[in-house]
Amino acid sequence: MTDEKTPHSHAFQAEVAELLNLMVHSVYSETDVFLRELISNASDACDKLRYEAISRPELLAGDERLAIRLTPDAKAGTLAIADSGIGMTEQELIDNLGTIARSGTKAFLQGLAEAKDGPGEGSGLIGKFGVGFYSAFMVAASIEVTSRRAGADQAFVWRSEGGAGFEVAPASEAQAARVPRGTEVLIHLKDDARKFAERFELERIVRTYSDHILFPIELVDGEGDKKGEARQINAASAPWQRAKSEMKPEDYTEAYKSIATAFDEPALTLHYRAEGRQSYAVMLFVPTMRPFDLADPGRKGRVKLYVRRVFITDDAELLPPWLRFVRGVIDSEDLPLNVSREMLQNNPQVTQIRNAVTGRVLGELEVAADKDAAKYRTIWEAFGAVIKEGLYEDHERRAQLLNLCRFASSASDAPRSLRQYVADLKPNQTEIYYLVGESIERLKANPKLEAAKARGIEVLLLADPIDAFWTIMPSDYEGKPLKSLSQGDVDFSLVPLVDKEAATESSEADKGILDAVKATLGDQVSDVRASQRLTDSAACLVAATGARDRELERLLARQDRGSGAKPILELNLRHALVKALAHSIEEKKEGDVADLSALLLAQAQILDGEVPPDPAAFARRLNDLIVRGLKA
Ligand code: ADP
Ligand code: MG
């Protein structure tokens, strides 16, 4: 039975079904947001058609007008949101509305799983994420989407009650006649959502959320004398074209919400017009909350490119990937309207815009960092890990970016800037010390901090995954090199000890101990030497000068990209265990020397967050030694 008119049933993709179930049973109170999502989709559809029609004007044949139309019917309890945009083919209806989960869907469900306070908190997330088309099921008992792709003969209808699946069928004649081009989303409202068939309610919501949509949003009178008449209810203006002096803070918040389809407040706003070699208007925002797509592997930005008020793409890489959290619009007066997305990649005008705007964004961040430390701290907490990718990728801006960085530190609970660090250098200290690891907590307990602590030397603690990478390249700040405490030699000897008593000199005789341990451990380590770093712990592992820092080596080894380079074992010659080892060497107790050497290596591995390669042997040795010790 494959009759043309028979509806075909489809199952929702698993994540979509999960999301829908949540929408249908939502207790979220601000259900308004569904209208904003549907209007934003309608506006996207108009944008897409306007763009495609630049090269294929025939797509607009019959009706040049791009508009969005709301038709409420209070008696029937329905609301239709229609647009004369690009429309969807049968396959697009199936894919876009049910079988291909967007990354946003995944992020939303993940956020939900992480929300600790149960389902109440979960529904709060609806407002934070905006879950697109499916949010309509908060207010809909059923939804019928009729769509005709621009230029296509046939229209199709998608229908669902929000259960496990949906149906798609060719449109009936009456349905097809209602949608000459584009899409109509017809919502049969749930009983408790009937207010969305009231005109004043719709007008209020559009004013609040969608005033800046660039296409006219028209409200149709469903009843009474004026039945069928439509009236535009949004401003349909481009806020970025307005003068800065006219804009109030709340105007920016509204513009941000409507341009970025965001729900939070902007933490930072940048609005200006560039004139000169090129002219363009810029309205950019740094969000307060992390957008869900920040972790996408594509690292794509979302800044929208307009050319003379016409939307071109949000895929033009108008900012570098390490500023991908910035949202907003750049509207060029000079680029050709028919610039293809491919062409944009190597377009020198776009490159110039990218450089200039990147500089302005960094400038704005610098101003915030100087003038409003509290605000900058929230920005840094949300986006610092992304900004630091720039240290790795953009050498020219490295100095500027280092200035913007804030780091956890062994000396302070508040994040520290390099400027603060350098201002507090100890006498004779000429380097900036840092330690890279998996978590701040772990780093704070790292024995490599001991000698620095004994001299009151501050150590920056770097625990973002990107930290292992940007630190590969040598850098300095105001002439002070950045130096890892887990790599190469460190020499603190010029910096006086806080507690003078603790000082001891290492003697020539110590060399015997180091050689003995080295002989026992063989090629498990590349060298054994006396430590400058340790005061309380017995041993630690470090990378040789010029070799990869330990944390990076570990990260790469996990991906089978390790270099296999062996670390150096450093011993604290003042430690009781090392002294016991020295004693065993003198007494020629070879078994003890072997066991103690192996234990020192294993404990250094454990302190570094590694599992000793042979945990069973480690446990056996430890037990043997204790038992021997107890008997002695
Ligand atoms: P998003 O808009 O973030 O992509 P949605 O869930 O809102 O996610 O919509 C899913 C997809 O369905 C859109 O990307 C688009 O391809 C398609 N779509 C939704 N509404 C329309 C519409 N009115 N016209 C054309 N396509 C639409
Ligand atoms: Mg959408």
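How far does helix α10 (residues 348–371) reach from its first C-alpha to its last, and what span is expected at 1.5 Å a residue?

1. In this predicted model, helix α10 has 24 residues and reaches 35 Å from its first C-alpha to its last, which is close to the 34 Å expected at 1.5 Å a residue. At the start of the helix, a side-chain oxygen of Asn347 comes to within 2.6 Å of the backbone nitrogen of Gln349.

2. The buried residues of α10 are Val350, Ile353, Arg354, Val357, Thr358, Val361, Leu362, Leu365, Ala368 and Ala369. They pack against the strands β10, β11 and β14 and against the helices α9 (341–345), α11 (373–387) and α13 (398–404).

3. Helix α8 (residues 249–260) has 12 residues and spans 16 Å between its first and last C-alpha atoms, close to the 16 Å expected at 1.5 Å a residue. Its buried residues are Asp251, Tyr252, Thr253, Ala255, Tyr256, Ser258 and Ile259, and their cover includes α7 (199–209), β10 (266–274), β11 (280–287), β12 (304–307) and β14 (327–332). Just after α8, Thr261 takes a positive phi of about 40 degrees.

4. Turning to the ligand site, the residues that surround ligand 1 are Asn41, Ala45, Asp83, Met88, Asn96, Leu97, Arg102, Gly132, Phe133 and Thr183; by class, this shell has 4 nonpolar, 4 polar and 2 charged residues. Helices α2 (33–55) and α3 (90–99) each supply at least two residues of the shell.

5. Polar atoms of the protein approach ligand 1 from both side chains and backbone: a polar side-chain atom of Asn41 lies 2.7 Å from an oxygen atom of the ligand, a polar side-chain atom of Asp83 lies 2.9 Å from one of its nitrogen atoms, and a polar backbone atom of Phe133 is 2.9 Å from an oxygen atom of ligand 1. The protein covers 79% of the 540 Å² of accessible area that ligand 1 has on its own.

6. The loop between β11 and β12 holds Arg302, which counts as partly exposed because its relative accessibility is 27%. Leaving aside neighbours within four places in sequence, Arg302 is in contact with Asp293, Asp296, Asp314, Arg327 and Gly328. The C-alpha atoms of Arg302 and Leu625, 323 residues apart along the chain, are separated by 61 Å.

7. A polar contact of 3.0 Å joins its side chain to that of Tyr421, and, neighbours within four places in sequence aside, Gln429 is in contact with Tyr421, Ile457 and Val495.

8. Backbone angles deserve a separate remark, since most residues other than glycine have a negative phi. Arg299, in the loop between β11 and β12, has a positive phi near 50 degrees and is partly exposed, with a relative accessible area of 25%. Glu478, in the loop between β19 (476–477) and β20 (480–484), has a positive phi of about 45 degrees and counts as exposed at 54% relative accessibility.

Terms used:
Residues numbered from 1 in each chain as written. Chains lettered and ligands numbered in written order. Predicted model: local features only at pLDDT ≥ 70, side-chain atom pairs only at ≥ 80, totals over all residues. Heavy atoms only, no water. Near = heavy atom within 4 Å. Polar contact = N/O pair within 3.5 Å; in protein donor to acceptor, adjacent residues only side chain to side chain. Areas by Shrake-Rupley, 256 points an atom, 1.4 Å probe, with all protein chains shown as cover. Helix = DSSP H or I, 4+ residues; strand = E, 2+ residues; numbered from the N terminus. Nonpolar A, V, L, I, M, F, W, Y, C, P; charged D, E, K, R; others polar. Expected span 1.5 Å × (residues − 1). Buried < 20%, exposed > 50% of the residue type's maximum accessible area, 1.4 Å probe, protein only. Contact = heavy atoms within 4.5 Å.
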